[in-house]
Amino acid sequence: MSTWRRLHVTLRAAHGSLLSSRRLTQRDTRLCLCRSLSTGSHLRQDFFKDLEAQLAAMRQKAADALPGSSWSPLEINRNLPPERADIVIVGGGVVGWSVAYWLKKKERVRGGVKVVVVEKDPTYSQASTVLSAGGIRQQFSLPENIHLSLASADFMRNINEHLGVPNEDIVDLQFNQSGYLFLASEEVAHIMEDNYSTQRYAGAKVSLLSSTQLKEKFPWINTDGVVLASYGLENEGWFDPWTLLNAFRRKAISMGVVQCCGEVTGFKHSTIAMPTVDGEQVDLHRIKSVKVQMPNSLEYQLVECAIVVNAAGAFSGKLVEMLGVGFGPKDTFAGIPLPVEPRKRYVYVVHCPDGPGLDTPFLVDYSGVYFRREGLGGNYIAGMSPEEAEEPDTSNLEVDHQFFEDKIWPRLAHRVPAFEKLKVTSSWAGFYDYNTFDQNGIIGIHPLINNMYFATGFSGHGLQHSPAVGRAVAELILDGNFTTLDLSGFGFRRILAEEPMLERNIV
């Protein structure tokens, strides 16, 4: 009975406040009407429209306060990820979405594998994928990298067979197969010859050019100091990174992958202490759920999962640190961190009306500088990796224009004299997911986290290898081993064993 009395009092109070508001509004109306008579009918009409809107809002507010209303002081965030998933992929760059696509492609029953991709930057304004130079090449020194490139190039040539979506626009990668052209001085010519033999044996179409042959084929090059060149004949060039990323994402979503905008800020996990053969005690972790923090909000969601894929690129090391790995005593398993960190790289867009023409390859000079054509009309992009001691600050993506003036332009102009008259028109900076151990990708499971798989640390060639890497990770998860390309050498165990797989052709 007392409940009904309180409800009755509440309703009377609400009704009384509404009536008093109406009486107050009527007095104000008379005053405003007197003023509006002297200012014309237009202001009078505006006044009544505003008055009616205010009254309607008050009526709605009163109705919402009544019992049985659907009104709630807490909004339901419809962008929350699901509470459960089979696989959570952390990182919605091109590698993460490639893994998602291949997982759905390989699932034996439609809808049998529930996959969630978490990306903290939905605009991709700082994503390594879209801030890269967009190159693809087979001219590596390791057979594994060459095979990854060959498989990825084949995927890109037939991209609509893989990533086409019915009733949607076809995928146009703008794949320009103008090749890569590496230049070697006398000091490094023997390395180029060794790489050439490896590349040819792996199936890459590459040719070696003498200094004279180089000048005949590309007369705009100054061959001073060049004794040998390596030129890719097919499956090399550049493409649009954003188109590849969006194609993977669109296809994966059409296959049932859930996209989530948020940041992974922690894990719930279990830990078991296990002895090694050397008698060392190590903690083995198993992730039970992923904490996803929603953007611009205090709200978060715990996503229970069986497997986590670490495809967070330059910031993938932070995910491992959340589990305490890398903070143990030195010279122990627990004290070995994931050796991946962000390294900032600059890309400059230049205009040179008299520069090289349509046959321009992606040129990489032995000095470290590179450039390629960007569309038509005398536009090019250029860049260069700094020396280890000159690595720039990674707390921002600001561009150092002096770096171009001091380091890049003199080398460009020396190799291509027409670039003496170039003009920088724009620039940007992006992050490499740089593997400080051996500058190669880390693919596979972590020995101390038995349900976290890595796809990171590619040090600048993750974009071009993403189609083949995604397939390899999906094979590991669903088949238990690599079935197409044997990439076991890129596992984390080489880091534990201190056996680097050094790639000599890093740009």
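## Helices H4 and H6

Let's start with two helices that cross. The axes of helix H4 (residues 143–157) and helix H6 (residues 189–202) come within 10 Å, and they cross at roughly 50°. That angle makes H4 oblique to H6 (under 35 degrees is roughly parallel, over 145 roughly antiparallel, 65 to 115 roughly perpendicular, and the rest oblique). The crossing of H4 and H6 is right-handed, meaning the near helix is turned clockwise from the far one by less than a right angle.

A few ground rules: this is a predicted model, where local features need pLDDT of at least 70, side-chain atom pairs count only at pLDDT 80 or more, and totals for chains, interfaces and linings use all residues. Residues are numbered from 1 along each chain as its sequence is written, and side-chain values use heavy atoms, leaving out hydrogens and water. Helices (H or I, at least four residues) and strands (E, at least two) are DSSP runs, numbered from the N terminus. Axes are lines fitted to C-alpha atoms, for helices over the stretch in contact, with angles running from 0 to 180 degrees between N-to-C directions.

## Helices H3 and H11

Now for another pair. Helix H3 (residues 94–106) packs against helix H11 (residues 462–479) at an angle of about 40°, and their axes are 7 Å apart. So H3 is oblique to H11. H3 also passes H11 in a right-handed crossing.

Which classes of residue make up the contact of H3 with H11? There are 12 nonpolar, four polar and four charged residues (Ala, Val, Leu, Ile, Met, Phe, Trp, Tyr, Cys and Pro count as nonpolar, Asp, Glu, Lys and Arg as charged, and the others, Gly among them, as polar).

## Aromatic rings

The structure holds 23 aromatic pairs (rings of Phe, Tyr and Trp, using its six-membered ring, with centres within 6.5 Å; planes under 30 degrees apart are stacked, over 60 edge-to-face, the rest tilted). Tyrosine 346 and tyrosine 348 have ring centres 6.2 Å apart and planes at 55°, so this pair is tilted. Tyrosine 346 counts as buried at 8% relative accessibility, and tyrosine 348 counts as buried at 0% (buried is under 20% relative accessible area, exposed over 50%, partly exposed in between, with a 1.4 Å probe and protein chains only).

Ring pairs also link Phe218, Trp220, Tyr231, Phe371, Tyr380 and Phe419 into a cluster.

## Valine 116

Valine 116 is found in strand E2 (residues 115–119). Valine 116 is buried, with a relative accessible area of 1%.
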